[in-house]
Amino acid sequence: MIQKIRNSIIMQLICIVSVVLIVLAITLSMSYFYVKQTTHNYAEALAESLLKQADNELSLYEESLRYNAESLCRFLTMDYVSDESNDAASRKEVQEAQLSSYFSQIVLKNREIVSAVIFDNDMNPVVALGKPVALPEKQIYLRQEEDLNADWYFPGKNDFYYGFYYPIYSDNMNKDQIGMCVFILEHWRIDGSLHNILNDSMSAMLLSDSNNLDLSFHAFGAVPPEANMADLKADDDYVYREGNWQNGIRIAVAVSVSGNTSGSTVIRNLIILAAVLSSLFLAVIIFFSYYQMARPIQKLDRFITKTIAHPNRRLEMKRSDEIGTVAASLNNMLDENQRMIEEIKESKIRLDETELSQQKMEILAYRNQINPHFLYNTLSCMRDMALIKDEDSIAEMAMCLSDIFRYAVKGSNIVTVRDEVSYIEKYARIIEYRFMGKIMIDTNVDEAVLDKPIIRFFLQPLVENSVFHGLEGKMDDGSVDVKIESVGERLEITVQDDGTGMDEETLAKLREDILAPTENKGVGLSNIVQRLRLFYGEEYIMSVYSEVGKGTVIKISVPDHIRESK
């Protein structure tokens with residue numbers, strides 16, 4: 001079966017389409033479950049977030065009530081409660097007026113506060129402010145801690161109110177409790193805060209107390225209007241979360257899974273539609289490929305097989321597409337086959353003749369090369385003749401030139417600093433004679449670096465540039481200083497002259513050549529940069545400084561080792 005598939009394009013195409021369909025089916029299933037899980041996780045996270053926001057909102061509101069209670073009771077005293085004297089009555093009247101003024105200011109900012117009652121430790125009302133109120137029997141007890149609950153504080157009214165209980169302590173060191181302050185609150189403030197938390201989510205929130213009293217129920221979005229929290233808790237499409245009891249009040253949240261992720265259904269439908277359309281499209285591709293590609297290719301294959309035995313036959317296929325072009329090209333190829341064979345034979349003959357001519361030229365070039373030893377012997381003879389005639393300067397020049405030529409034909413690309421500096425010193429002697437002492441070349445090399453490796457012919461182009469571009473056109477005497485020192489594991493090389501220097505434009509062009517050297521720049525700085533890159537990679541540093549009339553400084557920093565493979 002495998003061999004049959006290998007031998008048939010249409011079978012291979014069917015296998016590919018089948019694999020694509022399987023992958024699409026797996027992708028569809030995974031996408032469905034992934035979207036389902038993602039939407040459920042989102043609903044759970046939203047429920048937790050809403051529950052936390054509601055809890056924070058209640059905590060902030062309790063903090064505000066605590067602040068108002070502290071502001072109201074901060075100057076409260078109870079020393080006149082059991083005292084029936086005229087002075088106690090006067091203090092009581094003044095304090096009640098002061099408390100009434102503070103309470104009016106609190107009500108202006110907190111309109112939901114309708115009453116405030118202050119009790120002593122025996123739950124006797126001391127001061128009553130605002131709307132008259134009588135505490136339900138089950139609420140008449142002294143609290144040692146803050147409390148917020150809901151109850152029917154106004155009998156005869158078909159609506160509940162919240163009560164905030166705040167214990168009052170004296171200002172002495174022992175902080176003895178002297179009474180309790182109670183705020184009676186309308187529920188619209190808390191209802192509005194919880195309703196705002198729901199924002200634009202499809203969800204519901206219930207505020208209830210320990211007496212199974214539904215204090216506040218808010219629904220947002222497309223939640224069924226007749227549904228209550230018990231119905232939503234039992235619905236599988238809702239995620240239900242409830243908080244801990246806090247002062248006898250608990251918050252519960254129900255978030256719709258589908259209602260808050262409505263786009264997931266559209267995505268699933270689009271995936272199914274894409275899978276169906278892809279299946280139909282793949283089926284069309286199979287039929288098109290078979291009739292327009294597979295069958296013509298099979299015909300081409302049979303023709304080529306028979307053409308090997310019958311080279312005079314031609315393929316007849318009337319098509320204007322690529323396959324028709326291939327058939328026409330195949331016929332042209334067969335027509336020109338013999339001619340191409342002849343051309344190949346002629347090309348082979350010309351190639352052999354070319355190689356023979358090239359070999360002859362190489363032999364001639366070898367014959368025309370000058371034997372270096374002949375040059376050394378000639379320079380040595382010139383030196384001996386100069387010494388015989390007491391021409392010491394000519395003898396020294398001939399000897400230096402002989403040593404320079406010997407160094408030039410040295411086979412290795414890597415030499416020691418000692419060898420390179422020795423070569424520069426011989427070059428310096430020739431320059432001194434040539435310019436009659438007008439140009440001097442000095443070398444200053446640390447002893448520690450003399451045996452370090454360096455590139456051969458590395459310093460000479462730098463010194464030559466300083467001589468012929470910086471000092472030759474100078475009217476006064478000039479000098480070139482070559483300095484090599486060791487800094488850490490690197491060689492610091494400085495070539496400095498006091499020549500004519502360069503203007504800003506020339507210096508900028510030179511720096512560009514250093515950053516981007518090209519092969520057609522001769523043997524100057526560009527050639528040196530190319531060799532630095534060849535032997536040191538990116539580990540070298542080269543910089544040029546120059547000023548018109550003051551000279552030029554070239555600084556190069558390289559490692560004190562070289563990759564010998566280069």
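**Strand pairing and helix packing**

Author: In β16, S557 is the bridge partner of E492. The model is predicted, so local features need pLDDT of at least 70 and side-chain atom pairs count only at pLDDT 80 or more, while totals for chains, interfaces and linings use all residues. Residues are numbered from 1 along each chain as its sequence is written, and side-chain values use heavy atoms, with hydrogens and water left out.

Reader: How do β14 and β16 pair, and over how many bridges?

Author: Strand β14 (residues 490-497) and strand β16 (residues 551-559) pair in the antiparallel sense over eight bridges; two strands pair if DSSP finds at least two bridges between them, and strands (E, at least two residues) and helices (H or I, at least four) are DSSP runs, numbered from the N terminus.

Reader: What's the strand order in the open sheet, and which strands stand at the edges?

Author: The order is β11-β13-β14-β16-β15, with mixed pairing. β11 (439-445) and β15 (541-547) each have a single partner strand, so one side of each is left without a neighbour in the sheet.

Reader: Switching to helices, at what angle do α13 and α14 pack?

Author: Helix α13 (residues 504-515) and helix α14 (residues 525-536) pack at about 30°, their axes 8 Å apart; axes are lines fitted to C-alpha atoms, for helices over the stretch in contact (heavy atoms within 4.5 Å), and angles run from 0 to 180 degrees between N-to-C directions. The two helices are therefore roughly parallel to each other, a term for angles under 35 degrees.

Reader: Which residues of α13 make that contact?

Author: On α13 they are L510, D513, I514 and L515.

Terms used
Angles under 35 degrees count as roughly parallel, over 145 as roughly antiparallel, 65 to 115 as roughly perpendicular and the rest as oblique.
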